Amino acid sequence: MPSNENPASGENGLYNRIAVLRAERGISRQDLADAVGVNYQTIGFLERGDYGPSLKLAFSIAEYFKLPIEAIFSTQPFRPLSEQVYGSPREDQR
Amino acid sequence: MIVESYRFFGLHVRRRRTRRAIMVVYWLFIALVCFGFARHEIHHGAEEFGSMAAFVLLLNIGNVLGGVRAGGMIKPYSDVHWPPASPAPGDEGELTLFGSGRRTGASRRGVLDEREKNERNGVHFLAYTLARWFALLLFGIYAAFGWAHVAWFSQIGPLMVFLLTLVLWSLPQSIILWSEPDVEEVL
């Protein structure tokens, strides 16, 4: 599973947080695949960045997680969620 | 696109290493058949046995490799199944042109999703590119043999047609089976 600190963009140059969101909510690949209408292997390809979803599929995934699409997919690497929530660690805390 | 539950003589096709071994054996077998066919044709002339063997082999390709029809290692390329599948309860289905198949919309099993359709299309483009160069090579060999007035020139034509048909029928599936990663790698 690609870590959020070093997410794999794969061949299509698109970063995503699907694996992180699934882990947070305890959702299996099969559950997500059934909900968005693809085979579960495709979810694996998406998470690894080896496949770029169509617009329809990207929106389906966003609707499933009830998040805006830019919270799940990005052309730039995502900052770690911990940094986004708590900010960058201060110098004296390192 | 691999049908994970498929077993080839008891071997799981989930692992790429297994599928690659199957492909090597498959194409070696094809080469052996072609060599035997060529020798038989050259020494005895084209006879029914060779043609029947070739015909049976062609019919079986789709059923083992899959793709062109249901039941093989690869999911069918389209959601039109031939031979026609029995419709699931509540699924009226839809007869296609000339009654060649029935769309089974209710069941997702075996239906390609968008990634698999992209993969199918890309593989067929690659296979077409390779096949056209192969066809050019065959034509070059045929022309060279004809120019050299080789004694058995007239008998290699059927073999070349057979080879080209084999390539067109099974090359896309071979590429998929060779390159698709292990299911465990993807998960």
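Chain A of this predicted model contains 5 helices and 2 strands, and when these elements are read along the sequence they follow the pattern β-α-α-α-α-β-α. Of the 94 residues in chain A, buried residues make up 40%. Among the contacts in chain A with a separation of 6 or more, 60% are accounted for by residues 24 or more positions apart. The accessible surface of chain A comes to about 5400 Å², and carbon and sulfur atoms hold 50% of that area.

Within chain A, helix H3, which spans residues 40–48, deserves a separate look, since this helix is mostly covered, with 7 of its 9 residues buried. Which residues of H3(A) are the buried ones? They are A:Gln41, A:Thr42, A:Ile43, A:Gly44, A:Phe45, A:Leu46 and A:Glu47. In general, an α-helix has 3.6 residues a turn, so residues three or four places apart point the same way. Just after H3(A) comes A:Gly49, a residue that takes a positive phi of about 80°.

Chain B has 187 residues, of which 37% count as buried. For contacts in chain B with a separation of 6 or more, the share that comes from residues 24 or more positions apart is 63%. The accessible surface of chain B comes to about 11100 Å², with 68% belonging to carbon and sulfur atoms.

The next topic is the interface between the two chains, where 17 residues of chain B are in contact with 14 residues of chain A. The size of an interface is often given as the accessible area lost when the parts come together. Between chain B and chain A the buried area is about 1400 Å², and carbon and sulfur atoms give 45% of this. The count of salt bridges between chain B and chain A is 0, whereas the count of residue pairs in polar contact, with both residues at pLDDT 80 or more, is 7. On the side of chain B that touches chain A, the elements that give two or more residues are helix H3 (114–147) and helix H5 (183–186) of chain B. Of these, H3(B) gives the most, with 4 residues. Sorted by class, the side of chain B that touches chain A has 7 nonpolar, 1 polar and 9 charged residues.

Is B:Glu116 buried or exposed? Because its relative accessibility is 0%, B:Glu116 counts as buried, the cut-off for that class being under 20% relative accessible area. The side chain of B:Glu116 is joined to the side chain of A:Asn39 by a polar contact of 2.6 Å. When its neighbours within four places in sequence are left aside, B:Glu116 is in contact with A:Asn39 of chain A, and also with B:Met1, B:Lys75 and B:Val111 of chain B. The surroundings of B:Glu116 therefore include residues of both chains, and the residue counts as buried because its relative accessibility is 0%.

Conventions. Residues numbered from 1 in each chain as written. Chains lettered and ligands numbered in written order. Predicted model: local features only at pLDDT ≥ 70, side-chain atom pairs only at ≥ 80, totals over all residues. Heavy atoms only, no water. Contact = heavy atoms within 4.5 Å. Buried area = accessible area lost by both parts, 1.4 Å probe. Salt bridge = Lys/Arg side-chain N within 4 Å of Asp/Glu carboxyl O. Polar contact = N/O pair within 3.5 Å; in protein donor to acceptor, adjacent residues only side chain to side chain. Nonpolar A, V, L, I, M, F, W, Y, C, P; charged D, E, K, R; others polar. Buried < 20%, exposed > 50% of the residue type's maximum accessible area, 1.4 Å probe, protein only. Areas by Shrake-Rupley, 256 points an atom, 1.4 Å probe, with all protein chains shown as cover.
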